[in-house]
Every structure is written in structure tokens, then in C-alpha cells.
Amino acid sequence: MSVAETDLEGHADVVVIGAGMVGAACAARLSHAGLNVVLADRGSVCAGTTASGEGNLLTSDKIPGPELDLARWSLDLWHQLSDRLGEEIEFERKGSLVVATSNEALADLVDFAAAQRRDGIDSQSVLGPDLFNLEPNLAPDATGGVHYPGDCQIQPMATTAALLKSTPTLRFVGGQEVVRIEERGTGARVLTRSSHVDAGFVVNAAGPWAGQVAASAGASLAVQPRHGVVLVTEPCAVIVRHKVYEASYVATTQSADARVQYATVIEGTASGPILIGSSRERRGFDPAISLDVVQTLAARAVRLIPAMAGIRAMRAYGGFRPGSPDHLPIIGPDPDCPWLIHATGHEGAGIGLAPATAALVDHHITAAPVPVSPDPFDPKRFR
Amino acid sequence: MTEGSFSFNGERVAFQQGQSVAGALIAAGVSPVRYTRSGAARHVFCGIGNCWDCLASSDPGDVPVRTCLTPAVADTTWAPSISTATAGSDQPRLAAKTDLRSTAMVVGAGPAGIAAASHLVRRGIDITVIDAGEQPGGQLLRPSRLKEADGGIDGRAGIDIGDGEHLRYLSSSAVWHLRRQDDGWRAEVTAAAGQTAVISRYVVLATGAHEYVRPFPGWHLPGVMAAGGAQRFAKGDNAFWGRQILVAGNGPLLLTVAATLARLGADVTLALDARFKSAIRAVSSAGLRRILEAAGYGSALLRGGTRIMLGATLLRCDGDDRVRTALVRHRGKDHTISVDSLAVSHGLVPDTTLAVSAGALCQPAGSGGRALAADHRQRSSVEGLLAAGETTGIGGGQLGRLEGANAALTIAEAEGHPSTAAEVKRIQKAITRERRSVASLLRALPDGDWLDDIDPDTIVCRCEEVSARSVPKAVESGAWNLRSIKALTRAGMGYCQGRTCGPILRQYATRLVSRDVGWLDNRLIGTPVSLAELSAEHHDLTNG
């Protein structure tokens with residue numbers, strides 16, 4: 001990738017707007033397919049949501065149907081990518097343990113896992129002493145759980161950088177905010193305050209800001225930000241071995257409630273600190289991290305893993321998930337501007353779904369075949 | 001006079017009354033204090049609780065603590081931290097959090113905080129003083145163990161904050177969060193004795209500064225210390241490494257350190273860098289008092305047989321499990337000096353943790369740091385929040401005292417106890433005069449030329465062991481601000497949360513990116529606190 005702080009210029013086959021994981025995946029894929037691609041961002045690489053998550057590649061939290069099919073396919077693509085990109089992306093097949101803290105929640109969880117199993121997602125119910133063999137530090141009143149061995153994790157920033165580095169022909173133009181996109185013939189002209197580039201296609205991978213990018217093209221897109229906070233502890237010896245999260249997590253991803261929604265997620269990292277989530281809050285684009293949210297995350301973590309009580313919290317970071325009206329990603333041509341391909345609305349699953357999203361975008365631009373139907377993600381479903 | 005002994009890594013270490021664990025280790029020559037994630041040996045560096053390099057655990061299963069801030073206690077057992085805390089099977093038993101209310105709170109009890117507190121108390125305003133130290137004085141007013149009276153500006157004895165009726169003094173306490181609440185401010189305070197919330201209408205931030213040391217090859221080796229830390233242990237704990245000490249860098253503090261160490265019997269080499277000549281010029285223009293101070297220190301050093309190298313640059317140091325030699329370039333020749341220890345300083349940067357998280361406007365302050373912007377009455381950009389001393393910009397103890405008094409007058413006035421016009425004018429004039437004399441001294445301090453020739457293997461983030469080469473590599477990958485550089489390299493993510501590396505990285509990134517790269521001092525959690533303490537009042541485990 002050639003890094004330019006300079007302007008947009010000339011002509012490209014595709015301009016991808018948004019240099020986070022999804023944008024980088026699209027740009028890399030299209031570039032490898034032989035297209036002339038420019039990747040543009042108003043900031044630097046990973047200036048948005050990608051730097052605010054945990055790097056999860058999950059199928060455990062996906063509802064059977066199009067979402068799960070996309071996630072399963074995308075995880076396969078990640079396995080292939082990890083072989084190609086190397087160790088620096090810290091790809092780890094970590095596995096998840098989803099924990100229920102009541103009998104009712106456990107029954108729902110077991111049913112959910114059974115439905116996912118029918119769609120090819122491997123999991124095992126873990127009850128009684130088996131639960132504590134897997135995670136000895138769980139609160140003694142945890143009723144049971146499901147173990148998903150297939151869940152993985154990567155380091156998102158390092159992976160985005162590696163993706164771009166693996167694509168030497170790709171042009172990255174940073175520090176340039178797109179202010180307008182004008183239709184030109186069958187394609188478009190992408191304009192910043194001081195420069196422009198003409199393209200056959202424009203890919204909108206601006207995450208939570210995808211609505212703004214759509215508006216700059218005279219289109220509309222109902223992506224709304226959903227704020228989340230991650231609390232980070234001091235480096236610890238191993239306290240949890242898997243990603244451990246509460247069974248209520250899936251419900252919070254689907255919730256329409258505007259108040260802060262919590263579902264405890266605890267995960268160790270290779271470098272030692274434990275990451276604690278999760279919160280979901282509709283607060284527009286206000287990035288302030290409230291102490292209240294941080295305190296609640298801490299309380300819930302200690303509730304689930306009491307042995308963490310004495311571990312110190314060091315810092316917290318936050319970010320915006322790109323929320324979609326029906327909680328499914330929005331991937332495909334805009335109904336009004338067929339040269340504008342949306343690739344957004346991934347909520348909290350953008351990292352995991354990035355390669356499949358890139359493949360779907362590729363399909364929309366080059367008609368490359370894909371193993372899942374693109375229709376459930378098509379933006380025209382909102383009409 | 002030996003008070004007792006404790007065990008460190010199986011070795012018996014004797015300590016004197018009032019010594020910190022770190023001070024006792026230095027005096028006994030016990031090394032290392034800890035091992036990093038990569039297995040490298042580390043020891044005390046800053047000596048005042050900012051760098052978190054001196055971590056050790058007093059019990060297996062206990063979280064590691066800063067030995068420089070921990071008093072030595074007889075018959076305790078310590079082990080080097082291996083950079084990981086372990087889960088305790090015992091839940092920390094926390095007493096309920098208490099709320100303390102007062103009209104004003106003063107954060108920090110160095111010269112500025114003490115001045116603010118005493119002037120407020122004198123005007124009958126009830127205050128809470130929250131101080132990280134065991135006793136008042138901050139860094140500049142530490143009690144001395146030296147037999148001779150200390151002739152310099154840092155030898156003040158008999159610190160008197162005032163008596164108890166209007167004053168509550170919380171020592172060994174750290175504010176980990178400060179925010180607006182109702183019409184005032186709420187500070188979350190952590191201490192070994194328990195946790196507290198202090199609620200008041202006004203806050204005076206007087207949290208001082210920390211040392212700025214430019215990175216150089218080998219600076220992470222045990223025995224290499226920031227000059228302020230070396231001074232603290234020498235003066236306060238009678239402790240220094242071995243015998244041969246190189247004091248290097250720039251700034252008036254180096255003269256103090258060298259003199260203190262020489263008086264204690266160390267074999268001192270003082271290497272003041274290339275800006276020294278302009279420093280001398282600045283000193284001469286700064287007034288009689290400074291010339292006398294410089295002369296006082298100078299003669300103490302010469303009497304002690306100290307080797308003084310003017311216009312010398314410390315290039316690197318080397319060693320194995322501790323520092324053994326230093327390489328200094330002087331008058332065109334490179335000199336290898338055998339050393340047991342280095343005391344290095346290149347300046348100071350204000351501690352802006354609470355200022356930034358409270359939302360106060362800050363501005364760049366040299367050496368890659370920034371300072372809270374205060375007006376002529378010490379007010380910040382946020383209502384009810386004032387600041388005094390180094391927090392508003394590096395200026396030394398005397399300026400801090402004046403600003404502390406100034407802040408007190410402002411609060412007193414707002415509370416219906418106005419000062420006379422003459423009083424206010426006197427303070428303002430004194431502040432202006434002091435600022436002028438200090439400014440000429442500070443102009444002499446270097447800023448950024450070390451980047452011309454940086455060895456790519458030099459560690460730039462000590463906590464996470466990030467080497468210099470990672471920074472341009474991150475920028476090439478498209479990381480154009482400190483937030484992205486931090487995310488890609490892990491620099492700034494360690495225990496010190498960017499206090500040591502923040503100014504370094506800001507200078508480095510600015511040079512590479514030539515646009516505003518932002519800062520690394522936005523710390524929601526101002527000092528690490530246990531999850532139990534963090535969540536103390538929260539019982540809401542349900543959604544909605």
C-alpha cells in the first residue's frame with residue numbers, strides 16, 4: 001500500500017470510503033482482483049470503530065438464518081486470510097463459553113445452541129462440574145453454559161495494517177473528508193474540500209458515519225451509532241481461558257431500547273490485560289465515557305468472575321458500533337445510486353464479518369460468485 | 001539506624017526508619033525489583049510513583065505495588081513482580097465508601113498545595129487536602145536526612161498546613177476520578193486505609209509535575225534513574241547505588257542532585273549538555289538569587305572533587321543485569337565512564353491527568369507535555385476548578401507557593417471573604433516577577449533535537465518495551481495520531497498510562513507526521529483501582 005497524505009486525483013475503478021477493517025478488507029479484495037482501488041478516510045487507518053473493539057470473530061452469538069450463514073462463511077475466510085497474513089495479526093482459536101445465571105436463561109441458551117448446531121456451528125452444553133473445569137473462576141452460582149470451540153480472535157489494528165500492507169498496488173489517501181459525491185455517467189466523482197477522484201464504483205464502508213457518506217451522495221441510509229465501552233485491567237495471569245460472556249448478550253444486540261444495555265463479556269489477551277465489556281447505548285455521537293457505565297461493567301464482571309475483584313482497572317476506551325434498523329448488515333447497491341455500494345451496519349460484528357462483506361461487495365461490482373444469497377443484506381429491503 | 005529487615009526474593013534486606021521499600025533496596029544494592037514481560041530486569045526509575053517500574057508484590061497473589069511509595073515494614077516478604085497480577089481467592093473486604101464534604105478541596109500537598117491550603121484555612125474556609133504522599137511537601141519539600149542544613153531552595157523544614165478545625169488532610173491518597181456534580185465537584189479517592197468521595201464547591205489542582213527524560217540506549221537498565229528520583233532517595237533515604245554516579249542532562253535540578261550525592265560520599269561525574277552555555281547565560285539574566293544558588297551548588301561540587309563536564313552529551317549506557325558504563329561525548333571525544341548509577345533529567349512536564357479528565361482547557365507546555373490553562377486568578381476554563389504550581393506550567397517551588405496563595409484568595413473572594421486590593425496586587429506582582437525570572441531559565445532547556453539521531457533499538461515506551469523503530473513503522477501503516485500509534489504499538493498502554501512515554505511520543509510523532517497528533521494524557525481512571533473499588537456503589541446488574 002502506498003501511503004499518501006496528498007489529495008485524491010485522477011481516476012480509479014473503485015473508491016472505498018472508510019479505512020477500518022471492513023473498508024480495508026473490501027479495498028484489499030478488489031485490489032487483488034485486479035481493480036484500480038483508492039482507499040480514502042477523513043483520518044488515518046483505523047481511526048473509527050475498528051480501534052474500539054476487541055477483535056472478535058464469533059459465530060456463537062449469531063442467530064440462525066442469514067446472519068449466521070454470513071458469519072460462518074466469513075470465519076472460514078478468516079482462517080484462510082490468517083495463513084496468508086502471518087503472526088502479527090495474533091489469530092487465536094480461543095473458543096467462547098456462554099454462561100447462564102438462571103435456569104430459564106440456561107434453557108433458552110441450550111435451545112439456541114441446538115438451532116445453531118443444525119446450521120453447522122459446533123457447540124457443547126456444559127453443566128455442573130464440567131462448567132467449572134472449563135472456567136474454574138466462574139461464580140459458584142452459574143447454572144450452566146455452552147462451549148463454542150470455533151470462536152476466534154485477532155488484533156484488529158494490526159490485522160487492518162497487515163491487510164493493507166499485503167496489497168502494494170492499493171492507494172491510501174488519508175486526512176481527506178469526503179464532502180460530496182456526484183453522479184458522473186455510470187459512475188461518480190468523489191470530492192473533498194480540495195480534490196476529487198472519478199470512480200466507476202464507490203464503496204461506503206464508513207461504519208457509524210455511513211449515513212453521512214450516503215447523504216453526501218444524495219442518498220439515505222438509516223445507520224445509527226450505538227456507543228460501547230471496554231474496560232481494561234492490569235496484566236494478569238490467566239483468570240479466564242476463553243472468551244466468557246453472559247447468555248443475555250444476544251438479546252442486547254437485538255434490543256431497540258435506547259437506555260444503556262449491558263451484557264458481561266470477559267476476555268483475556270495475549271499481552272495480559274483482561275478486557276471487560278459490554279455496553280450498548282444510543283447517545284448519538286457523544287464520545288464521552290461515563291463513570292457510571294465503567295462502574296457497572298466492573299460490578300458485573302466481579303459478579304461473574306469474583307476472583308477478579310482485586311484486579312485493578314487501568315483504562316477504558318469507547319467507540320460507536322454501526323447499528324442497522326433490522327440488526328442485519330447493509331451490503332449492496334444503493335436503490336437510488338447503483339454505483340454506490342454500501343458495506344456497513346455490522347453493529348458489533350464488523351471484524352468477524354469483514355471478509356464476507358468484501359466478497360459480497362466484490363460480487364456486486366465484478367459479479368464474482370458467492371456461496372450465500374446477497375438478498376437479506378440488500379439495502380433495498382428498507383424500501 | 002536499622003529499624004528492621006524484610007525479605008526480598010529470599011534475601012534479607014535491612015532498612016532504616018522511614019525508608020521506602022525501594023530506598024532500602026537501593027541502599028542494599030539489591031536488584032532487580034521486577035522482570036518485564038520479555039524477562040528484562042528493571043529497577044526504580046522515577047522514584048516518585050509515576051513510572052511504575054519499581055513494582056513488586058508483598059505476598060504471592062497480591063497485586064504488585066510501587067515500592068517507591070511503600071514504607072518498609074519489618075518481617076514482610078516481597079517478590080519481584082513478573083508483570084502479572086494474579087486473581088485473589090480472598091475478596092478484598094471493602095468498607096463502605098464515605099462521603100466527605102468541604103467548601104474546597106486541594107489536590108496535592110507540595111509547595112503550591114500547601115500554600116493554597118494554609119491561605120484558605122487562615123480565611124476560615126473549610127478544606128480537604130488530598131495528597132499522594134505520606135506527609136506534606138510533595139517533591140520539592142521532602143524532609144532531609146542529611147546532617148548538614150541544606151542551603152538550597154528545597155531545604156525548608158517545618159511545613160505547617162494549619163490545624164484541624166477547618167482542615168482535613170488525607171495522606172497517601174490518590175484521586176482517581178474528578179467530575180462535576182450538582183454545583184460542585186466530586187473526587188473519587190483511593191487509599192490503603194479505604195475509599196472516599198470528596199465533594200466540594202471548589203477544587204485547587206496542585207498535582208505537580210513529573211520528570212522528563214529523553215530515551216537513550218540502555219536507559220531501562222537497573223541503576224538508571226531520573227534525577228528527581230535519585231535526589232529523593234539520596235536526600236530522603238540516604239540511599240544511592242554503589243559509588244560512581246553520572247549525573248547527566250540539563251536543568252538546575254542536576255546541580256542539586258550532584259551536590260547531594262557528593263555530600264553523601266558518592267563519586268560524582270556531572271555532565272551538563274550542550275545547552276549548558278545558554279543555561280549559564282539564562283541564569284545570569286535571571287537575577288542575583290539564581291546566580292547565588294548556582295554558585296552555592298557549584299562550590300559544594302568542587303569541594304567534593306566532582307568531575308564536571310560542560311557541553312557534554314550522554315549518548316548511551318550499557319550493562320548486563322544493571323548499568324555498568326556510560327558513553328559521553330565531550331569536546332569531540334567519546335568518553336566511556338564506569339558507573340554504578342545514572343541520574344538523568346531533561347526537564348519536567350506537568351501532570352495533567354485530572355485537568356484533562358475534568359475537561360479543563362490545556363495548552364502545550366514544552367518537552368511534549370501540556371499544562372492546564374489558568375488565568376491571572378488561577379481559574380481554569382471550568383467553573384470552580386482552579387490550579388496552582390507546576391500543573392499550570394513548570395515554574396518551580398516559589399512560583400507554586402505564590403500561585404497557591406493566589407488561588408486561595410480567589411476562592412476566598414468567591415466565598416465572601418475578599419482580600420484587599422493591595423494584597424491582590426502584591427501577589428500578582430510577585431507572580432509576574434517570578435514568572436519572568438523562571439522563563440529565562442526554562443528557555444534554555446532543550447526540546448526535540450534528540451530525535452535527529454535516534455537509535456531504532458532505543459525503548460520509547462518503558463512499560464510495554466516498545467522500541468523507537470515501531471513508531472515510524474506505525475506511521476507508515478497509516479497511524480497519524482497518538483491514539484492510532486498507541487493502538488498499533490501498545491505504547492502508552494502500560495501501568496504508567498503514558499506518563500513517561502507520552503511527551504516522548506508526542507515529540508516523535510509530531511516530527512514524523514507534522515500535524516497535531518493529539519495527546520496520551522486522557523485518563524478516565526487516573527490511577528489504577530481494583531474492580532471492587534471501582535464498582536463499590538454499583539449494585540445495578542439488570543438492564544433497563
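1. A:Ser278 sits in strand β16 of chain A, which covers residues 273-280. The peptide bond from A:Gly277 to A:Ser278 is cis, and its omega is near 0°. Keep in mind that this is a predicted model.

2. Chain B has a cis bond to inspect as well. B:Ser31 and B:Pro32 are joined by a cis peptide bond, with omega about -5°. B:Pro32 belongs to a loop, the one between α1 (21-28) and β3 (34-35) of chain B.

3. Next, backbone angles in chain A. A:Cys46 is not a glycine, yet its phi is positive, about 55°. This residue lies in the loop between β3 (37-40) and β4 (56-57) of chain A. Is A:Cys46 buried or exposed? Its relative accessibility is 5%, so A:Cys46 counts as buried.

4. A:Ala367 also has a positive phi without being a glycine; the value is about 65°. Find A:Ala367 in the segment after α9 of chain A. Its relative accessibility is 59%, so A:Ala367 counts as exposed; the cut-off for exposed is over 50%.

5. Now chain A as a whole. It holds nine helices and 19 strands. A compact globule of 383 residues would have a radius of gyration near 21 Å; chain A has 21 Å, so the two agree. The C-alpha trace of chain A spans about 65 × 40 × 40 Å along its principal axes. Of its 383 residues, 63% count as buried. Take the contacts in chain A with a separation of 6 or more: 76% of them come from residues 24 or more positions apart.

6. Turn to the nonpolar cores. Nonpolar side chains tend to be buried together in soluble globular proteins. The largest core here has 109 residues. Which residues touch the most other members? They are A:Leu70, A:Val203, A:Val361, B:Phe216, B:Leu246, B:Leu314 and B:Leu342. Helix α9 of chain A (residues 350-366) gives the most to this core, with nine residues. A second, separate core has 38 residues, including A:Leu138, A:Tyr262, A:Val293 and A:Ile311.

7. B:Leu314 deserves a look of its own. Leave out residues up to four places away in sequence, and B:Leu314 touches B:Phe216, B:Leu246, B:Ala248, B:Ala326, B:Leu327, B:Val328, B:Leu342 and B:Val344.

8. Chain B contains an open sheet of five strands. Their order is β15-β22-β16-β17-β18, and the pairing is parallel. The edge strands are β15 (224-226) and β18 (307-310) of chain B, each pairing on one side only. From one strand to the next, the twist averages 15°. β15(B) pairs with β22 of chain B (residues 341-345) over three bridges, in the parallel sense. Within β22(B), B:Ala343 is the bridge partner of B:Met225.

9. Helix α4 of chain B (residues 252-263) packs on that sheet. It touches β16 (244-249), β17 (267-272) and β22 of chain B. Its direction makes about 170° with that of β17(B). How enclosed is α4(B)? Nine of its 12 residues are buried, so α4(B) is largely enclosed by the rest of the structure. Among them are B:Leu254, B:Val257 and B:Leu261.

10. Last, a length check on α4(B). At 1.5 Å a residue, its 12 residues should span 16 Å; the end C-alpha atoms are 17 Å apart, which agrees. B:Gly265 follows α4(B), and its phi is positive, near 105°.

Definitions and conventions:
Residues are numbered from 1 along each chain as its sequence is written. Chains are lettered from A and ligands numbered from 1 in the order in which they are written. This is a predicted model: local features need pLDDT of at least 70, side-chain atom pairs count only at pLDDT 80 or more; totals for chains, interfaces and linings use all residues. Side-chain values use heavy atoms; hydrogens and water are left out. A nonpolar core is a set of buried Ala, Val, Leu, Ile, Met, Phe, Trp, Tyr and Cys residues joined through side-chain atoms within 4.5 Å. Buried means under 20% relative accessible area, exposed over 50%, partly exposed in between (1.4 Å probe, protein chains only). Helices (H or I, at least four residues) and strands (E, at least two) are DSSP runs, numbered from the N terminus. Contact means heavy atoms within 4.5 Å. Two strands pair if DSSP finds at least two bridges between them. Axes are lines fitted to C-alpha atoms, for helices over the stretch in contact, and angles run from 0 to 180 degrees between N-to-C directions. The expected span of a helix is 1.5 Å times one less than its number of residues. The radius of gyration is taken over C-alpha atoms; the globule rule is 2.2 Å times the number of residues to the power 0.38.
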